[in-house]
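Here is a short briefing on aromatic residues and their surroundings. Have a look at the sequence and the model first, then read on.

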Amino acid sequence: MKKRNKLSAILALLLAAMLLVVGCGGGGDDTKQEDTSKEDDGNKEENSGEVKMTDGYYYYFLADMGLGSFVHFNEDGTYYASYFDGAATDAGTYEVLDEELEYYPDTTGDDIGDTDGATEKASQVVALTSYLTGETQKIAYVDDALLDMSLNGLGNHRNLKHEADYKYVAENEENPIEIASYFANGSTGSAVTLSHNGSFIDAAGDELLEGTWEQKSESEYTLKYDGGDEGTLKIADDKRSAELTRGGETILVETLEKGTSNFTMSNPAVQPEGLPMSVEFRLDCADDGTCEMFMVVSQVSQEFSIDKGTYSISDVAKGTFNFETAGTIESTPDYESAQDNHLEMSMPYKAAFTISVDGQSMDLSVDTVLTGTYTKE
């Protein structure tokens, strides 16, 4: 499959955000274009015998932008999904269930459900449960197609048709997705990492060990080491720590996180100059006096750090923030909101900044106000 630079795909999606998020209609040309790149690279093969849903993949092509999305199902009950040329990816487990589900049918031939029309009812669904979020999406499964599907929130009501004769090679199609990573003694070199393809690396001890994992329950994995030994990784409810048991010993492993957050200020609907859509701006203020500003693009599951600095809060809850990019900014407390030891505060934020991925960049600017709750110790 043709691969695109990640940022290129992200920016293309942003420029067509209204189309992808609301999923209303296709382009002006009523004739659906086909992605011929799949046929030119020798990935097609003759199909013989009964077609299984694990053959090939279920594919959707956004002709206006030349972006492809797919879901591939494995025999072991797992799936891998790539949305809009890899702008977002997902993996997890799936089930085919005999359940009824209403869906919007495609009435125009553009493989997008018509939300202005009447719904129809499917008698079967495919339930996708993501390793990354733990959430389950149920999709109408009709005539060997996935109908009215949300593609990771980037596009809604999309229809994915089964291309069973497509020669799917996981090493060529899939980028590794890290689904869990925990560290011993707070060291980045002592990680236990599980990947979506069922493999793991254990560097929590004195040597590097590898093997495969199986999910025993929602929070417990059985580890099968290449040398024949077995172990378990049991993740705590808060997902910040886990117990690695192997060779008769139990090792506490933890996520690597920044200092404890003191408070957060945010604005969930900001439209920077240079983007055709709203994004979230979030300021994380740690208890060590440092702060960091993020631009969160939920549509493509991306979070960009755009500014850093330090801050201090006076006895009367007035904040002074010294940013590397935006300079010195003061926040204003809302004394009327004060309750016990906390109150609301607001802070204006104005800056020009650049987001960059894989050597490509995009210049943006913002002028907004963030709000949050400050708690005085």
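Leaving aside its neighbours within four places in sequence, which residues is Tyr131 in contact with? They are Thr78, Ala91, Gly92, Thr93, Ile179, His196, Trp213 and Gln215, where contact means heavy atoms within 4.5 Å. This is a predicted model, in which local features need pLDDT of at least 70 and side-chain atom pairs count only at pLDDT 80 or more, while totals for chains, interfaces and linings use all residues. Residues are numbered from 1 along each chain as its sequence is written, and side-chain values use heavy atoms, with hydrogens and water left out.

**Around Tyr131**
- Tyr131 sits in the loop between strand 7 (125-130) and strand 8 (136-142); strands are DSSP runs of E with at least two residues, numbered from the N terminus.
- With a relative accessible area of 15%, Tyr131 is buried (under 20% relative accessible area, 1.4 Å probe, protein chains only).

**Aromatic pairs**
- The whole structure holds 18 aromatic pairs, counted when ring centres of Phe, Tyr or Trp (its six-membered ring) lie within 6.5 Å.
- Tyr58 and Phe73 pair edge-to-face (planes over 60 degrees apart), at 5.5 Å centre to centre and 75° between the planes.
- Because Tyr58 lies in strand 1 (residues 57-62) and Phe73 in strand 2 (residues 67-73), this pair ties together parts that are 15 residues apart in sequence.
- Phe263 and Tyr311 are also edge-to-face, 5.7 Å centre to centre with 90° between the planes.
- Phe263 belongs to strand 19 (residues 261-270) and Tyr311 to strand 22 (residues 302-313), 48 residues apart.

Methods
Rings of Phe, Tyr and Trp (its six-membered ring) pair if their centres lie within 6.5 Å; planes under 30 degrees apart count as stacked, over 60 as edge-to-face and the rest as tilted. Helices (H or I, at least four residues) and strands (E, at least two) are DSSP runs, numbered from the N terminus. Buried means under 20% relative accessible area, exposed over 50%, partly exposed in between (1.4 Å probe, protein chains only).
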